[in-house]
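Here is a short briefing on one protein chain. Have the sequence and the coordinates open while reading.

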Amino acid sequence: MSKGTVVLAYSGGLDTSCILVWLKEQGYDVITYLADIGQDEDFEAARKKAESLGAKKVYIEDLRAEFVEDFIWPSVQANAVYEDRYLLGTAIARPCIARRQVEIARSEGAHFVSHGATGKGNDQIRFELTCYALYPEVKIIAPWRIPEFYNRFQGRTDLMEYAEKHGIPVPVTPRAPWSMDANLMHISYESGILENPKSHAPTDLYLMTKNPEDSLNTPDVLEVEFRKGVPVKVTNVKDGKSEDSPLNIFSYLNEIGGKHGVGRIDIVENRFIGMKSRGIYETPGGTILLKAHLDIETFTMDKEVRRIKQGLGIKFSELLYNGFWYSPECDFVRHCITKSQENVEGKVQLSVFKGQVYILGRESPKSLYNEELVRAAIPHVHRAGLSLFSLPNFSHVLGIDTLNRPCLTKTSEKCRAEFLEGRPRPPAPPGPGAPSPHPRGLLAVATVAWMCRETTTHVMPLDSSGLMLSGQRPFEPK
């Protein structure tokens with residue numbers, strides 16, 4: 001009698017093929033599920049293999065578009081980087097794969113799910129936390145943590161012997177002396193000969209990117225357009241080719257970055273389970289987008305909002321790496337990051353060449369860059385070794401920050417223009433419902449007044465909206 005139905009995350013490789021047969025030996029009906037997230041795979045061959053091994057049903061799901069839109073794009077908005085270097089390609093993919101696995105389990109009435117992740121890695125945690133978050137009643141079968149399984153299969157030789165005994169097709173090509181995980185976001189390499197952190201990666205290891213030394217001798221110039229912090233279009237300035245769907249945008253950036261050798265890193269990272277591991281990663285498209293998004297974000301986002309958002313990005317990266325995508329805290333952080341991206345809009349032009357991404361220029365209808373202010377000759381901007389532009393809220397005085405803070409009125413805009421001309425005039429008294437004074441705004445204006453007291457400039461004490469404070473008199477110059 002069957003113990004129940006289990007949905008197995010299946011790759012078609014030796015490990016999960018042996019797990020499929022082993023689960024059947026244990027008395028389970030097995031449904032295999034293979035997710036297409038951009039890896040180079042013969043999916044039909046995998047289907048036939050699973051069916052020949054006795055799978056009750058085989059699901060092959062194309063998740064590439066939702067992988068980009070639901071998982072990669074939020075990571076781009078967050079500038080997600082783990083421990084300053086890793087762009088989280090594997091970690092981003094796991095909640096995408098596991099979400100669909102849970103949906104299949106529910107639709108099939110299966111009470112079990114299974115995976116082939118080992119007991120030393122992060123993936124077991126990422127898969128299982130997602131499954132428990134979305135399907136709390138599910139039971140997880142993790143063979144590599146079950147003594148009966150890992151005592152029986154203590155290495156690849158044992159798996160090969162089991163495969164031959166049970167008619168499981170085995171690879172006919174030599175196995176690379178390292179393990180590899182590929183998806184649309186990246187390819188990762190670890191284990192085997194790479195476990196010695198001093199050893200250099202073999203030149204034939206990389207599959208997604210060309211060696212920068214051997215890449216093209218002419219750069220590709222791209223224009224990446226963002227809306228709400230998300231790429232909406234990419235255009236090759238040289239040949240005019242453009243893409244505007246999420247999947248095509250990311251695939252094209254992978255193509256351009258790959259042929260120029262962009263996005264290679266070799267690092268030692270801290271795993272969630274408490275050990276360090278060496279990983280080599282190729283992330284061409286993700287690297288280009290990180291550089292472009294950082295540039296347009298700085299161009300359009302308020303300084304203090306961005307300071308907070310940077311901290312949220314680090315927290316998001318840690319939660320994602322550790323498998324907590326579907327946790328309440330990660331959901332909260334993602335909502336905050338999404339809110340911060342409302343005005344991150346515009347175009348960035350960049351050059352991709354010999355393993356590097358060079359920013360060339362940017363433009364935005366929501367830019368906080370004030371060219372008029374940069375060009376204006378404001379007298380006495382430096383007093384006592386202090387710079388007005390280093391004050392947290394000096395932008396309120398000049399009415400620069402027009403998008404992210406409620407600091408501008410027509411009155412303050414007029415005040416700003418007159419200040420730049422060197423002849424300020426008293427603003428109109430505050431009207432009904434005028435905002436209360438903001439301490440930081442008062443401090444900034446008071447400091448400006450003190451700095452300018454030796455000039456002939458009259459500076460009015462303003463609140464954070466740029467209005468004169470009720471009952472206050474202007475500072476008079478000496």
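Which residue forms a salt bridge with Lys366? The partner is Glu345, with the closest N and O atoms 3.7 Å apart. This is a predicted model. The chain has 478 residues, and 51% of them are buried. It holds 15 helices and 16 strands. Among contacts with a separation of 6 or more, 69% are between residues 24 or more positions apart.

**Salt bridges**

- The chain has 26 salt bridges.
- The bridge between Lys366 and Glu345 links distant parts of the chain, 21 residues apart. Lys366 sits in the loop between strand E14 (356-363) and helix H12 (371-375). Glu345 sits in the loop between helix H11 (328-340) and strand E13 (346-353). Lys366 is partly exposed, with a relative accessible area of 25%.
- Salt bridges with shared partners also build one network, made of Arg94, Asp123, Arg126 and Asp181.
- Arg64 and Asp36 form a salt bridge through their side chains, at 3.8 Å from N to O. This pair is 28 residues apart and joins helix H3 (residues 64-78) to strand E2 (residues 28-36). Arg64 is in H3, and Asp36 is in E2.
- Asp36 has 12% relative accessibility, so it counts as buried because the cut-off is under 20%. Arg64, at 31%, counts as partly exposed.
- Glu66 and Arg99 form a salt bridge at 3.0 Å, N to O. Here the link runs from Glu66 in helix H3 to Arg99 in helix H4 (residues 89-108), across 33 residues.
- Glu66 is partly exposed at 27% relative accessible area. Arg99 is buried at 18%.

**Helix H2 and its buried face**

- Which residues of helix H2 (residues 43-52) are buried? They are Phe43, Ala46, Lys49 and Ala50.
- Viewed down the axis of H2, the buried residues fall within an arc of 120°, so they line one face of the helix.
- Lys48 and Ser52 are exposed, on the face of H2 turned away from the buried side.
- The cover over the buried residues of H2 includes helix H1 (14-25), E2 and strand E3 (57-62).

**Helix packing: H10 with H11**

- Two packed helices are described by the angle between their axes and the distance between the axes.
- The axes of helix H10 (residues 303-321) and H11 come within 10 Å and cross at roughly 145°. The crossing of H10 past H11 is left-handed.
- On the H10 side, the contact is made by Val305, Lys309, Leu312, Gly313, Lys315, Phe316 and Leu319. On the H11 side, the residues are Glu329, Cys330, Val333, Arg334, Cys336, Ile337 and Ser340.
- By class, this contact of H10 with H11 has 8 nonpolar, 2 polar and 4 charged residues.
- Is Arg334 buried or exposed? Arg334 is buried, with a relative accessible area of 18%. Arg334 lies in helix H11.
- Neighbours within four places in sequence aside, Arg334 is in contact with Phe316 and Trp325.

**Helix packing: H3 with H10**

- H3 and H10 pack at an angle of about 140°, and their axes are 9 Å apart.
- From H3, the residues in this contact are Pro74, Ser75, Gln77 and Ala78. From H10, they are Lys309, Gly313, Phe316 and Leu320.
- The contact of H3 with H10 divides into 4 nonpolar, 3 polar and 1 charged residues.
- Phe316 meets H3, and Phe316 is also in contact with Arg334.

- Leu88 is not a glycine, yet its phi is positive, at about 70°. Leu88 is in the loop between H3 and H4. Leu88 is buried, with a relative accessible area of 0%.
- Lys354 is not a glycine either, and its phi is positive at about 50°. Lys354 is in the loop between E13 and E14. At 26% relative accessibility, Lys354 counts as partly exposed.

Note on methods
Residues numbered from 1 in each chain as written. Predicted model: local features only at pLDDT ≥ 70, side-chain atom pairs only at ≥ 80, totals over all residues. Heavy atoms only, no water. Salt bridge = Lys/Arg side-chain N within 4 Å of Asp/Glu carboxyl O. Helix = DSSP H or I, 4+ residues; strand = E, 2+ residues; numbered from the N terminus. Buried < 20%, exposed > 50% of the residue type's maximum accessible area, 1.4 Å probe, protein only. Arc of directions from axis to C-beta. Contact = heavy atoms within 4.5 Å. Axes fitted to C-alpha atoms, helices over the stretch in contact; angles between N-to-C directions. Left-handed = near helix turned anticlockwise from the far one by under 90°. Nonpolar A, V, L, I, M, F, W, Y, C, P; charged D, E, K, R; others polar.
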